[in-house]
Amino acid sequence: MSEQPKDLKPRTKAFALRIIHMYSKLPKNDAVAQVLGKQGLRSGTSVGANYREASRGRSKAEFISKIGDCLKEIEETDYWLELLVDSSCLSAAKMADLLDETRQLIAIFTTIDKRSKDGL
């Protein structure tokens with residue numbers, strides 16, 4: 001579909017790589033950090049995969065559905081990252097840039113979702 005910004009494929013891939021890097025830095029002997037980190041790893045890396053599926057959508061309904069999945073996964077990622085900070089597994093300072101990017105992606109996917117539903 002022609003509505004999506006062209007820079008989101010590399011941007012969501014770069015986001016996934018940042019999530020992978022963040023997870024790889026978590027202490028292996030901290031059970032809480034590992035559980036929260038794995039949840040963030042799963043949801044954070046699925047955003048780009050879902051976006052790629054959306055960009056190949058065969059219909060507007062399929063595109064809207066996959067964008068909804070992107071939004072769901074990025075919102076979930078925000079939750080797990082917040083828990084990593086709030087539980088003191090990672091410092092707020094270390095997570096500031098990644099959380100900012102997460103929230104920018106939430107805003108982008110929210111806008112795409114709303115605009116793609118206009119006229120339905």
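Modeller: Helices are DSSP runs of H or I with at least four residues, strands are DSSP runs of E with at least two, and both are numbered from the N terminus. The model is predicted, so local features need pLDDT of at least 70 and side-chain atom pairs count only at pLDDT 80 or more, while totals for chains, interfaces and linings use all residues. Residues are numbered from 1 along each chain as its sequence is written, and side-chain values use heavy atoms, with hydrogens and water left out.

Colleague: In which helix does V85 lie?

Modeller: A helix is a DSSP run, and the run at residues 60-86 is helix α3. V85 lies in α3.

Colleague: How far apart are the end C-alpha atoms of helix α3?

Modeller: The expected span of a helix is 1.5 Å times one less than its number of residues. For the 27 residues of α3 this gives 39 Å, and the model agrees, because the end C-alpha atoms are apart by 39 Å.

Colleague: Is V85 buried or exposed?

Modeller: Relative accessible area, found with a 1.4 Å probe on protein chains only, decides this: under 20% is buried, over 50% is exposed, and in between is partly exposed. V85 has 17%, so V85 is buried.

Colleague: What is the C-alpha to C-alpha distance between V85 and M95?

Modeller: Contact means heavy atoms within 4.5 Å. Beyond four places in sequence, V85 touches L90, S91, A92, M95 and L99. V85 and M95 are 10 residues apart in sequence, and their C-alpha distance is 7.4 Å.

Colleague: Which residues does D78 contact, leaving aside neighbours within four places in sequence?

Modeller: D78 is placed in helix α3. Its relative accessibility is 9%, so D78 counts as buried. With neighbours within four places set aside, the contacts of D78 are L99, T102, R103 and I106.

Colleague: What is the relative accessible area of T102?

Modeller: T102 is found in helix α4, residues 92-117. Outside four places in sequence, T102 is in contact with F15, I74, D78 and L81. T102 counts as buried because its relative accessible area is 0%.

Colleague: At what angle do the axes of α3 and α4 cross?

Modeller: Axes are lines fitted to C-alpha atoms, for helices over the stretch in contact, and angles run from 0 to 180 degrees between N-to-C directions. The axes of α3 and α4 come within 9 Å, and they cross at roughly 160°.

Colleague: How are α3 and α4 oriented to each other?

Modeller: Angles under 35 degrees count as roughly parallel, over 145 as roughly antiparallel, 65 to 115 as roughly perpendicular, and the rest as oblique. The crossing angle is roughly 160°. α3 and α4 are therefore roughly antiparallel.

Colleague: Which hand has the crossing of α1 and α2?

Modeller: The axes of helix α1 (residues 8-24) and α2 come within 9 Å and cross at roughly 165°, so the two are roughly antiparallel. A crossing is left-handed if the near helix is turned anticlockwise from the far one by less than a right angle, and right-handed if clockwise. The crossing of α1 and α2 is left-handed.

Colleague: How many charged residues are in the contact of α2 with α3?

Modeller: Ala, Val, Leu, Ile, Met, Phe, Trp, Tyr, Cys and Pro count as nonpolar, Asp, Glu, Lys and Arg as charged, and the others, Gly among them, as polar. Helix α2 (residues 31-55) packs on α3 at about 160° with the axes 8 Å apart. The contact of α2 with α3 has 12 nonpolar and 8 polar residues, and its count of charged residues is 6.
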